[in-house]
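Please examine the sequence and the three-dimensional structure shown here, and then follow the explanation from its open spaces to its strands and loops.

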Amino acid sequence: MNRFIFDVDGTLTPSRQSMDPEFKKWFVDFISDNKVWLVTGSDYAKTVEQLGADITESVVTCYSCSGNQTRFKGKVVNRSSFELTDELRTLMNSWLQSSPFPIRTGNHIEERPGTVNFSIVGRNCTAKQRKEYVAYDLQYRERETIAYVINTEFDNVTATIGGETGVDIYYTGHDKSQILVDFDPNITTYFFGDKCNPGGNDYPLANALKTRNFKGTAFNVKGWKDTWERLKFLQEAKKAA
């Protein structure tokens with residue numbers, strides 16, 4: 001049986017929003033007929049908010065915080081840690097002071113199991129404020145610059161672009177690709193993510209599937225609607241085979 005791994009934010013749901021009800025109903029049926037794993041940059045509580053416990057506890061495994069916390073049926077079975085140094089915290093606070101983007105909403109440095117999420121606008125932003133930051137970041141590539149500086153200046157630390165407003169920071173190698181220790185490369189595996197290009201937090205896993213010669217492929221989707229269409233296409237192809 002093929003295996004399916006899904007990012008959540010921007011892949012199964014709109015960014016930081018709940019899953020579309022019609023898609024959720026379809027996806028619950030999909031889980032019942034397929035082996036499904038979740039791997040998200042967010043923490044478990046936010047994943048439950050977006051998908052519901054009926055999904056997070058029905059999949060084979062839910063990997064949170066870029067694979068740094070593993071849950072089975074809602075119970076933690078593995079957890080990594082990340083120590084945010086004073087030097088890196090000071091640098092992030094300096095960026096908060098100096099960024100030209102004018103809005104600050106709070107929860108800018110969110111420490112999670114095995115990772116830290118840094119956001120100039122803050123994770124408390126409204127949908128409107130998020131949209132404003134997305135437009136600003138597309139023009140000025142602020143997050144790309146922040147990630148570049150961290151990756152250049154700090155040993156054994158990696159920063160990637162996560163979601164629409166944040167930068168995910170973790171020990172090098174403690175990215176989404178680490179979950180592949182639980183998978184057999186000879187069984188076809190499909191991964192769906194919206195940040196599979198270099199610099200995105202889905203890239204390490206998408207790239208590892210290729211470089212480690214796993215059967216299957218990674219789909220760099222444009223949103224949950226794209227994910228749904230691709231899944232329906234794969235199902236139809238399976239029926240026709």
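The second largest pocket holds about 190 Å³ of space. A pocket is found on a 1 Å grid over the protein atoms alone, as an open set of points with protein on both sides within 12 Å along at least five of seven lines; a cavity is a set of points where a 1.4 Å probe fits but cannot get out, and lining residues have an atom within 4 Å of a point. Grid points are joined across faces, edges and corners, and a volume is the space filled by probe spheres set on the points. The model is predicted: local features need pLDDT of at least 70 and side-chain atom pairs count only at pLDDT 80 or more, while totals for chains, interfaces and linings use all residues. Residues are numbered from 1 along each chain as its sequence is written, and side-chain values use heavy atoms, with hydrogens and water left out.

The lining of this second largest pocket includes Asn2, Phe4, Phe30, Tyr190 and Lys239. Helices α1 (21-33) and α8 (224-240) each supply at least two residues of that lining, and α8 gives the most, with five residues. Helices (H or I, at least four residues) and strands (E, at least two) are DSSP runs, numbered from the N terminus. By residue type, the lining divides into five nonpolar, three polar and three charged residues. Here Ala, Val, Leu, Ile, Met, Phe, Trp, Tyr, Cys and Pro count as nonpolar, Asp, Glu, Lys and Arg as charged, and the others, Gly among them, as polar.

The largest pocket has a volume of about 830 Å³. Its lining comprises 33 residues, and Leu138, Arg143, Gly163, Glu164 and Lys195 lie nearest its centre. Among the elements in this lining, α5 (127-140), α6 (142-153) and β8 (157-162) each supply at least two residues, and α5 gives the most, with six. The lining of the largest pocket divides into 11 nonpolar, 11 polar and 11 charged residues.

How many cavities of 30 Å³ or more are counted? The count comes to one, and the volume of the largest cavity is about 170 Å³. It is lined by 21 residues, of which Asp9, Ser42, Gly162, Gly163 and Asn201 lie nearest its centre. The lining of the largest cavity contains no nonpolar residues, nine polar ones and 12 charged ones.

Attention may now turn to strand β7. Why is strand β7 (residues 115-119) largely enclosed by the rest of the structure? Five of its five residues are buried, so the strand is largely enclosed. Buried means under 20% relative accessible area, exposed over 50%, and partly exposed in between (1.4 Å probe, protein chains only). Both faces of β7 are covered, with Thr115, Asn117 and Ser119 buried on one side and Val116 and Phe118 buried on the other.

Strand β7 also has pairing partners, where two strands pair if DSSP finds at least two bridges between them. With strand β6 (residues 109-112), β7 pairs in the antiparallel sense over four bridges, and arginine 112 stands opposite threonine 115. The hairpin of β6 and β7 has two residues between the strands, and its glycine 114 takes a positive phi near 75 degrees. With strand β9 (residues 166-171), β7 again pairs in the antiparallel sense over four bridges; there, serine 119 has glycine 166 as its bridge partner.

Threonine 165 lies in the loop between β8 and β9. This threonine 165 is buried, with a relative accessible area of 3%. Contact means heavy atoms within 4.5 Å. Not counting residues up to four places away in sequence, threonine 165 touches Phe118, Ser119, Ile120, Val121, Arg130, Tyr133 and Arg143.

Two other loop residues deserve a look. Arginine 16, in the loop between β1 (3-6) and α1, has a positive phi of about 60 degrees although it is not a glycine. Arginine 16 counts as partly exposed, at 25% relative accessibility. Lysine 73 is placed in the loop between β4 (69-72) and β5 (75-79), and its phi is near 55 degrees, a positive value in a residue other than glycine. Lysine 73 is partly exposed, with a relative accessible area of 42%.

Finally, the chain as a whole has eight helices and 11 strands. Buried residues make up 54% of its 241 residues.
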